[in-house]
Amino acid sequence: MILISKRVEDNKTFVLDSFNNTSDLIHYEFETNDNKKVIIFYIEGFIDRDLLDRDIVKPMISNKENRDIKKIISISNLSEVYEIKEVINKISEGNVAIFINGNSIAYLVDLKKWEKRSIEEPLAESVVRGPKEGFVEDISSNRNLLRKKIKSNNLVFEDYVIGEQTRTKVSIAYVNGIVNEDVLNEVRKRLNNIDTDAILESGYIEQYIEDNKASMFPTIGNTQKPDVVAGKILEGRVAIFCDGSPHVLTVPRLFIENIQTSEDYYIRPHYATFLRSIRIFSLFLTILLPGVYVALQIFHQEMIPTVLLVSMAGAREGVPLPAAIEAFLMIIMLELIKESGIRLPRAVGSAVSIVGALVLGQAAVQAGIVSAPMVIVIAVTAIAEFTVSPLIELLILHRLVILFLGAFAGLYGVTCGLVALIVGGLSLNSFGVSYGYPIAPIGKKGLKDFVIRFPLSSFIFRPKGIEKTNMVRHTSRRKK
Amino acid sequence: MKKKFILLISILLLITILTGCWGAQELNTLGIVSATGIDIEGDEIITTFEIIKLNPSLGSSRSDGSKNVRYIQTRGKTIFEALRNTTLVFDRRIYLSHNQVYILGEELAKKGLTPYFDFLQRDHECRETAYLLVSKGSKAYEIMGFSSGVEDLQGNYIRDMLKNNKFTSKSVPINITEYFKNYYDAGIQPVVGVIQKKEKKYEKNMEMKNKDKSILSVEGAAVFNREKLVGYLNGEETRGYNYVRNKVKDGIIEFPTPSIDISKNTLLKIGSNVNNISNLDIKEFTVVEIIKSITKNKVEIEDGKIILKINVKTKGMLGEEQSNIDVSKDEVIKTLEEACSKEIKKQIEKALLKAQKEYKIDIFGFGNLFYRKYPKDWKKIKDNWNDIFSEVEFRVDVKTDIIRTGITNIPSDSLKGE
């Protein structure tokens with residue numbers, strides 16, 4: 001522990017050495033009217049220069065009487081520090097450090113001001129009905145967005161600094177009195193255990209703290225929408241904000257969250273229920289369809305209705321590749337188009353999709369390289385996967401597994417693959433909560449928000465899997 | 001824990017050995033059969049396969065008018081041998097799972113099916129829901145390749161005709177499972193569907209392009225004594241058979257309109273004059289459409305004599321009425337119901353008499369009923385049941401209930417303006 005020296009020159013050399021004379025560290029020396037030497041440090045472009053000049057430099061220079069510094073500098077977040085290491089840390093977070101000769105105290109003023117993106121609608125989670133605002137990269141803006149949703153004094157943020165080099169600010173948010181204490185303690189423990197030099201995105205945190213790193217199922221939720229985070233932490237979850245990332249993590253995450261969207265609660269229950277059943281249907285469709293199609297085609301021709309078989313077989317006439325290879329090729333082509341569509345500049349992206357559609361859809365069929373039903377199957381698979389977009393990584397990978405099993409062992413293989421997937425999913429835990437809730441273990445209260453979305457007024461209890469202590473949602477009911 | 005895991009994996013691996021349908025086959029290595037004909041010549045079996053010829057734009061026959069099918073014929077001592085011989089003359093493996101019909105030549109049917117049918121039961125590819133038909137008066141391959149319907153594939157064409165049986169009940173859709181059920185059961189003999197070519201009778205200019213002079217018909221049924229064909233039932237007798245077997249679900253009954261008592265009718269028939277009434281004696285016909293029909297058969301021993309009781313309850317709807325009676329009156333409907341019952345009874349009796357007196361074979365399963373009711377007595381008579389059956393007395397009781405009269409109840413010759 002190195003304390004601040006009384007000689008301002010010593011401090012100056014120490015700070016400059018600590019920063020290795022980096023060019024964006026600005027230091028400015030001046031003397032006050034009472035001939036005291038003052039030196040200030042800040043990082044260029046990180047702070048509000050106008051405020052610095054007006055509220056710090058000018059009053060200090062014009063100061064004639066030997067007064068307390070707090071009476072000179074009229075900024076509310078002025079703090080006193082005795083340790084030089086802390087000063088150095090704070091400078092890189094956007095503080096202005098003030099050293100006064102003959103004083104063993106450094107003053108820190110938070111004048112952070114930097115360029116940030118304005119609040120926009122997140123492209124990946126757009127809704128028809130519901131708020132359109134999304135998180136940005138700046139953590140304080142993000143926390144404000146959440147505070148705007150939950151104005152209760154029970155909303156608590158806890159800050160952590162993670163990453164030796166990046167010194168990323170991470171903060172967890174929860175509603176005191178609702179949060180599941182076990183989960184909260186587990187989150188604290190795991191965040192403290194992270195040992196890394198860099199956190200560049202909340203995805204880093206996710207990978208450090210997730211339960212089962214081998215499983216393809218995501219056990220930590222992420223969203224870009226403040227209303228979603230508010231909804232989740234009001235059910236007893238914990239949210240993790242990470243500076244520099246518009247994706248906020250929520251834990252614990254259950255499997256059903258993959259088929260729930262915030263819009264389900266904004267629209268009326270009938271259609272929400274219908275949409276959820278469609279999502280579950282397309283979940284199975286997108287995993288199983290290519291595998292089942294290939295399995296039926298090469299192992300179980302007797303199971304296909306005759307007319308369908310005839311048209312399927314007719315389409316396969318003259319196709320040079322075996323059905324399994326054909327399906328694999330088409331899936332790879334689809335992923336190619338998707339990947340290039342994301343990576344390419346937007347102007348070129350549309351060209352890729354046109355070429356892709358033409359090459360895939362028409363030319364390949366006309367040239368007889370793939371059969372038309374296969375194109376339909378893969379296209380349906382691709383469309384279906386976007387309805388359950390939170391699971392997309394799992395879906396794409398497991399689809400290939402099922403295809404492989406189906407091509408080698410028929411429906412037996414497909415069944416094995418599906419059973420393995422379901423068992424693997426249900427055996428997971430997310431921060432001590434069973435991943436399969438409310439199906440396994442079955443939970444009556446949770447089932448109200450499963451495939452059938454009951455009316456909001458019937459959501460009297462919070463889902464039991466997540467919430468432990470404070471089960472009742474409506475205060476009016478609590479009194480009875 | 002580790003042991004359990006290894007055990008689980010090994011169990012999963014073991015199951016792969018148990019699967020009966022191992023072995024992948026690409027669709028474009030298969031010749032999908034839609035109809036099979038089986039004939040016999042000397043001691044050689046001739047199999048004829050109708051194979052769907054696939055071309056990428058299947059759906060309608062091609063512009064040159066040729067069909068989307070191929071026919072191949074092979075010989076062998078057994079069906080399996082004949083089947084495998086197809087690979088010598090055809091480029092695809094014969095795939096029987098989608099075979100819709102098996103057409104049996106008359107000669108083969110007369111010789112007995114059993115030695116040739118083991119394959120159909122044993123092989124996993126043969127679908128047991130495929131229909132069996134006897135080609136009446138011809139070889140099976142003479143019927144094959146002949147289709148006067150919309151469907152190009154003869155297998156589908158014949159299958160659909162058999163499925164439409166419910167509209168007339170004049171044919172019997174019997175599949176392999178049902179055949180074997182009747183074949184093995186005590187006290188019942190199998191009946192199989194019939195297919196035959198019939199002369200086409202057209203007006204001069206109708207369908208001039210269609211040069212085929214005959215059409216296919218599935219009317220009737222073939223009667224078997226265990227495995228051998230002994231004779232045929234015609235359309236009406238087949239309906240009688242279907243009635244006794246409780247297989248009439250739909251269909252129509254046509255009968256002469258009963259002459260209704262004139263003195264009563266003058267009151268009933270409002271708006272018609274005396275001249276019209278006198279015309280009632282002329283034979284006109286009424287049609288009743290069957291909505292629901294239930295048959296209950298009973299075998300009873302009365303005074304040491306076996307009596308067969310057939311009890312039919314039919315619900316129907318008036319479908320067509322040629323004469324001008326007022327069907328809105330209860331009395332008229334009652335008369336019609338009685339007449340309808342009489343007609344059904346007549347058809348049932350015809351079928352029963354034909355089986356009893358002509359073929360002396362119990363195709364209705366009364367022996368089976370007897371066996372269930374009097375198992376001890378059955379043992380004594382089971383060997384000559386068919387002889388006993390040909391002598392027993394039967395009582396047919398039919399009750400018809402006309403519950404609807406269609407969307408009109410105005411007599412056809414009601415006077416204008418009334």
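Student: What makes the largest nonpolar core a core, and which residues have the most contacts inside it?

Tutor: In this predicted model, the largest nonpolar core has 96 residues, and B:Ile103, B:Leu104, B:Leu133, B:Val191 and B:Ala222 have the most contacts inside it. It is called a nonpolar core because its members are buried residues of nonpolar kinds, joined through C-beta atoms within 7 Å. Helix α11 (residues 330-359) of chain B gives the most to this core, with eight residues.

Student: Which residues does B:Leu104 touch?

Tutor: Leaving out residues up to four places away in sequence, B:Leu104 touches B:Ile38, B:Ala109, B:Leu113, B:Leu132, B:Leu133, B:Val134, B:Ser135 and B:Ala140. Apart from the core described above lies another core, of 75 residues, with A:Ile220, A:Ala323, A:Leu403 and A:Val414 among them.

Student: Why is A:Asn20 called exposed?

Tutor: Let's set the value against the cut-off. A:Asn20 has 7 C-beta neighbours inside 10 Å, so A:Asn20 counts as exposed.

Student: Which residues of α6(A) are buried, and why are they said to be on the same side?

Tutor: A:Val183, A:Leu184, A:Glu186 and A:Val187 are buried in α6(A). They cover an arc of only 165° around the axis, so they are on the same side of α6(A). The face turned away from that buried side carries the exposed residues A:Glu181, A:Lys189, A:Asn192 and A:Asn193. The cover over the buried residues of α6(A) includes β7 (168-175), β9 (238-242) and β10 (248-251) of chain A.

Student: What puts the buried residues of α12(B) on the same side?

Tutor: In helix α12 (residues 366-373) of chain B, the buried residues are B:Phe366, B:Gly367, B:Phe370 and B:Tyr371. Their arc around the axis is only 145°, which puts them on the same side of α12(B). Among the elements covering them are β12 (285-302), β13 (305-321), α13 (375-381) and α14 (385-389) of chain B.

Student: How many residues of chain A are in contact with chain B?

Tutor: 22 residues of chain A are in contact with 20 residues of chain B. α11(A) supplies the largest share of the side of chain A that touches chain B, with nine residues. That side divides into 12 nonpolar, seven polar and three charged residues.

Student: Where in chain A is confidence lowest, and where is it highest?

Tutor: Confidence is lowest in helix α17 (residues 475-479) of chain A, at a mean of 53, and highest in β9(A), at 95. Chain A averages a pLDDT of 88, and 98% of the residues score at least 70.

Methods
Residues numbered from 1 in each chain as written. Chains lettered and ligands numbered in written order. Predicted model: local features only at pLDDT ≥ 70, side-chain atom pairs only at ≥ 80, totals over all residues. Contact = placed C-beta atoms within 7 Å. Helix = DSSP H or I, 4+ residues; strand = E, 2+ residues; numbered from the N terminus. Nonpolar A, V, L, I, M, F, W, Y, C, P; charged D, E, K, R; others polar. Buried ≥ 20, exposed ≤ 12 C-beta atoms within 10 Å, placed from the backbone. Arc of directions from axis to C-beta. pLDDT = per-residue confidence, 0-100.
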